[in-house]
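Hi,

Here is the structure I promised to pass on. Have a look at it first, and then read my notes below.

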Amino acid sequence: MSVRDVVDPLAAWTDDDAWLRKVNSDADLVARFLPADLRELHCLVVDRARASDAKALILSGSTVRACRTEISDLDYHLVGQRIETKDLSRELDLHVLSEEKLESEVLSGDDFVQWSLRFGCVILDDGTVRRALRLIAERQPWPDVERKRAHAAKSLELARRFVSTGDQDGALVQVRTALSLAARARLLSAGIFPLARAELPAQLETIGCPETARDLEATIYQSPPLAELAVAVRHGEELVAPINELTNGKATDQWS
C-alpha cells in the first residue's frame, strides 16, 4: 500500500463499513511506514494515551506520507488530557487539545489541525475524529489564508534577522521554517491543500514557483551558506506578497 491507496477520510465518516476500511488502512500505513527505531516510542505514546482515556490520537506529518527526512519528528495530535512526555525522545512532537478546541480550530481556519484530520492516521478514536471529519465534509471550512500569510511574513522577518547575525545553524532552521509557512500560504491561496514539508517543493513547482521550491528543498536536504539563505528569504517574501485570501477554496489533488 502507498499513500495513494489511503481511504479518503472526508468520505469515510459516512458509514461504519467505510470507517472500518479507513481504520484498517491507517493501521497498515503505520505498520509499513513507521521506522523500526521509532516503534518503541510510538507504542509508549499509544499506551499513555490509552491510559489517560484519550478521546483520539492521530499520527501525522511526514511519517504517514512516507516522506520522512533527517529532520523529521514523530508528530501526533492527541485529543484529551496531556500525557507525560518528558522522559521520551526529542523526536516526539505531541500536540494536545480538547474536543471543543478541535472543533473550533477546524471552523476558525487552522490548517494544522485540518492536515491531521485529512491526512493523518487514526490510532485511537472514540468518535471524535469521525465527527470532526463530518464537520469538514459538511461545512467545507477552508483554512484561513490570511492568517497563514501573516504567520509566514513574521517568520520570514525573523529568518532575515537570523541570517544577518551570521548564525548559520540558527538561520538554516528558521529559513526552512519560514519557507515552509510561505509555501503553505501560497498553496492554500491557490486552492491546494499543502502536503508534508518534503512534498512542498513539488507542489510549488506545479503552481509555477520553481525558485522557492529549490530554496526550500535545499534547506531540507542541504545546508546552504548564509548568502544563499538570504536570497531564499527574499524569494519567500516574493512568494507571499501577491496572496489574496480565498473565500471558497477547496483542496485539489489531496491524495496524490
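Where does aspartate 53 lie? Aspartate 53 is in the loop between α3 (39–51) and β1. Helices here are DSSP runs of H or I with at least four residues, strands are E runs of at least two, and both are numbered from the N terminus.

Before going on, two things about the numbers. This is a predicted model, in which local features need pLDDT of at least 70 and side-chain atom pairs count only at pLDDT 80 or more, while totals for chains, interfaces and linings use all residues. Residues are numbered from 1 along each chain as its sequence is written, and side-chain values use heavy atoms, with hydrogens and water left out.

Back to aspartate 53: it counts as exposed because its relative accessibility is 65%. (Buried means under 20% relative accessible area, exposed over 50%, and partly exposed in between, with a 1.4 Å probe and protein chains only.) The C-alpha atoms of aspartate 53 and valine 79 are 9.7 Å apart, although 26 residues separate the two along the chain.

Now the strands. In β2 (residues 74–79), six of six residues are buried. Leu74, Tyr76 and Leu78 point one way, whereas Asp75, His77 and Val79 point the other way. In a regular strand, side chains alternate between the two faces of the sheet. β2 pairs with β1 (residues 56–60) in the antiparallel sense over five bridges, and with β3 in the parallel sense over six bridges. (Two strands pair if DSSP finds at least two bridges between them.) To find these pairings on screen, look for isoleucine 58 opposite histidine 77 in β2, and leucine 78 opposite valine 96 in β3.

The loop between β1 and β2 holds threonine 69, which counts as buried because its relative accessibility is 15%. Leaving aside neighbours within four places in sequence, threonine 69 is in contact (heavy atoms within 4.5 Å) with Ala198, Ile220 and Tyr221. Glutamine 114, in helix α5, is buried too, at 0% relative accessibility.

Next, the largest pocket, which has about 760 Å³ of space. Of the 29 residues that line it, Asp75, Asp93, Phe112, Arg184 and Arg197 are the closest to its centre. The elements giving two or more residues to the lining are β3 (92–97), α5 (111–119), α7 (145–165) and α8 (168–189), and α8 gives the largest share, four residues. (On a 1 Å grid over the protein atoms alone, a pocket is an open set of points where a 1.4 Å probe fits, with protein on both sides within 12 Å along at least five of seven lines; lining residues have an atom within 4 Å of a point. The volume is the space filled by probe spheres set on the points, which are joined across faces, edges and corners.)

Finally, how many disulfides are there? The count is zero, a disulfide being a pair of cysteine sulfur atoms within 2.5 Å. The sulfur of cysteine 43 is too far for a bond because the closest cysteine sulfur, in cysteine 121, is 15 Å away. Cysteine 121 is in no disulfide either, as the nearest cysteine sulfur, that of cysteine 67, is 12 Å away. Cysteine 43 is partly exposed at 42% relative accessible area, whereas cysteine 121 is buried at 1% relative accessibility.

Cheers
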